[in-house]
Amino acid sequence: MAEIFHGDVRVPWYQARDENMANWNDRAKIHRSSYGLEKYVKDSDVISAEVRKDLPLLLRYLGRESIQDVRLAHLQCHIGTDTVSLARLGADVTGLDFSAVSLQIAASFARDCGVNVHWVEADVMDAATAIGYPVDVVYTTIGTICWLQDLTRWAQQISELLSRGGIFFIRDAHPMAYTTEWVDDRVQIRYRYFENGHSQMWNDTASYSGDGVIEHSRNYDFPHSLSEIITALLGVGLRLEYFSEGKELPWPLLPIMETDDNEQWHFPPALAECIPCSFTLVCSR
């Protein structure tokens with residue numbers, strides 16, 4: 001079954017979360033084979049492309065030369081490639097995700113890599129209580145915000161987790177990029193940019209990475225504008241330190257996108273100047 005968009009629906013958060021959880025449990029089984037875990041196990045120097053990209057900016061705002069012994073919470077960590085990478089660089093890492101299957105794979109992966117990570121199975125909306133102690137860094141990347149309905153509650157979890165002087169770091173897909181679709185050999189604006197209280201419902205038996213069938217194909221996402229994201233973080237008392245928009249993603253959002261040597265995907269040159277693909281944001285407490 002090809003991806004099918006069913007439009008806006010009003011669905012209780014807990015129903016959307018539970019159906020998304022079943023969907024991500026299925027995805028995790030596919031991603032175990034498609035995320036290249038074996039290269040991390042074979043070579044202890046391998047660090048994920050996402051962490052390699054994010055680390056210089058994170059260190060700048062931490063005011064450090066390394067993340068050795070930094071207490072770090074990785075929210076929505078999935079099967080742990082970025083989490084393990086952060087631990088390999090010396091951070092004291094806690095990875096949190098709502099998918100039990102993802103965390104089972106992540107824990108086995110970390111053991112095979114010989115790194116120590118504390119794994120927490122919980123809804124990110126309950127992250128502060130679930131983790132239970134302050135951290136120096138809250139980190140999340142990429143493809144996370146679109147699965148969350150209430151960004152005010154999300155931002156509150158981040159604020160409560162951070163110790164004073166701590167840093168929140170996020171790089172995610174740009175909400176403008178999520179509005180686009182490839183139709184009749186051209187990019188069109190098809191999907192919603194602004195939050196309106198409804199979710200968008202989809203059915204898709206394939207994942208963005210790997211081969212395999214997703215049995216629980218129905219899933220829900222929640223569009224959030226940049227202004228909503230930033231306002232939610234400022235509203236809980238965090239201070240905006242850095243914001244930028246980027247031209248790349250770690251997966252091909254549309255079939256016209258092209259990959260580079262850094263495992264990132266871009267629009268062709270003419271379109272790359274017109275459509276933002278990602279954003280990066282750093283806040284402090």
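How accessible is Leu240, and does that count as buried, partly exposed or exposed? Leu240 has 35% relative accessibility, so Leu240 counts as partly exposed. Here buried means under 20% relative accessible area, exposed means over 50%, and partly exposed lies in between (1.4 Å probe, protein chains only).

This is a predicted model: local features need pLDDT of at least 70, side-chain atom pairs count only at pLDDT 80 or more, and totals for chains, interfaces and linings use all residues. Residues are numbered from 1 along each chain as its sequence is written, and side-chain values use heavy atoms, with hydrogens and water left out.

**View 1. A nonpolar patch on the surface includes Leu240.**
Leu240 sits in strand β11, residues 239-246. Helices (H or I, at least four residues) and strands (E, at least two) are DSSP runs, numbered from the N terminus. Patches are made of residues with over 30% relative accessible area and no salt bridge. Like charges are joined within 9 Å, and nonpolar side chains (Val, Leu, Ile, Met, Phe, Trp, Tyr) within 5 Å.

**View 2. Helix α4 crosses helix α5.**
Helix α4 spans residues 81-88 and helix α5 spans residues 100-113. Their axes come within 10 Å and cross at roughly 35°. Axes are lines fitted to C-alpha atoms, for helices over the stretch in contact, and angles run from 0 to 180 degrees between N-to-C directions. The crossing of α4 past α5 is right-handed. Thr81, Val84 and Arg88 of α4 make the contact with Phe109, Ala110 and Cys113 of α5. Contact means heavy atoms within 4.5 Å. A crossing is left-handed if the near helix is turned anticlockwise from the far one by less than a right angle, and right-handed if clockwise. An α-helix has 3.6 residues a turn, so residues three or four places apart point the same way.

**View 3. Helix α4 is largely enclosed by the rest of the structure.**
Why is α4 described as largely enclosed? Eight of the eight residues of α4 are buried, so the rest of the structure largely encloses this helix. Among the buried residues are Asp82, Ser85 and Leu86. Gly90 follows α4 and has a positive phi, near 105°.

**View 4. Arg192 and Asp8 form a salt bridge.**
A salt bridge is a side-chain nitrogen of Lys or Arg within 4 Å of a carboxyl oxygen of Asp or Glu. By this rule the count is 13 salt bridges. In this one, the N to O distance is 3.1 Å. Arg192 lies in the loop between β8 (186-189) and β9 (199-203), and Asp8 in strand β1 (residues 4-9), so the pair ties together parts that are 184 residues apart in sequence. Arg192 is buried at 17% relative accessible area. Asp8 is partly exposed at 34%.

**View 5. Arg218 and Glu19 form a salt bridge.**
Here the N to O distance is 2.7 Å. Arg218 is in strand β10 (residues 218-221) and Glu19 is in helix α1 (residues 13-34), so parts 199 residues apart in sequence are tied together. Arg218 is partly exposed, with 37%.

**View 6. Arg17, Asp18 and Asp123 are linked in a network of salt bridges.**
Arg17 is in helix α1. Arg17 counts as buried, at 16% relative accessibility. Leaving aside neighbours within four places in sequence, Arg17 is in contact with Phe98 and Asp123.

**View 7. Trp24 is a buried residue of helix α1.**
Trp24 has 11% relative accessibility. What does Trp24 touch, not counting residues up to four places away in sequence? The list is His31, His78, Phe98, Ser99, Ser102, Trp147 and Tyr208. Trp24 and Leu58 are 34 residues apart along the chain, and their C-alpha atoms are separated by 28 Å.

Key
Areas by Shrake-Rupley, 256 points an atom, 1.4 Å probe, with all protein chains shown as cover.
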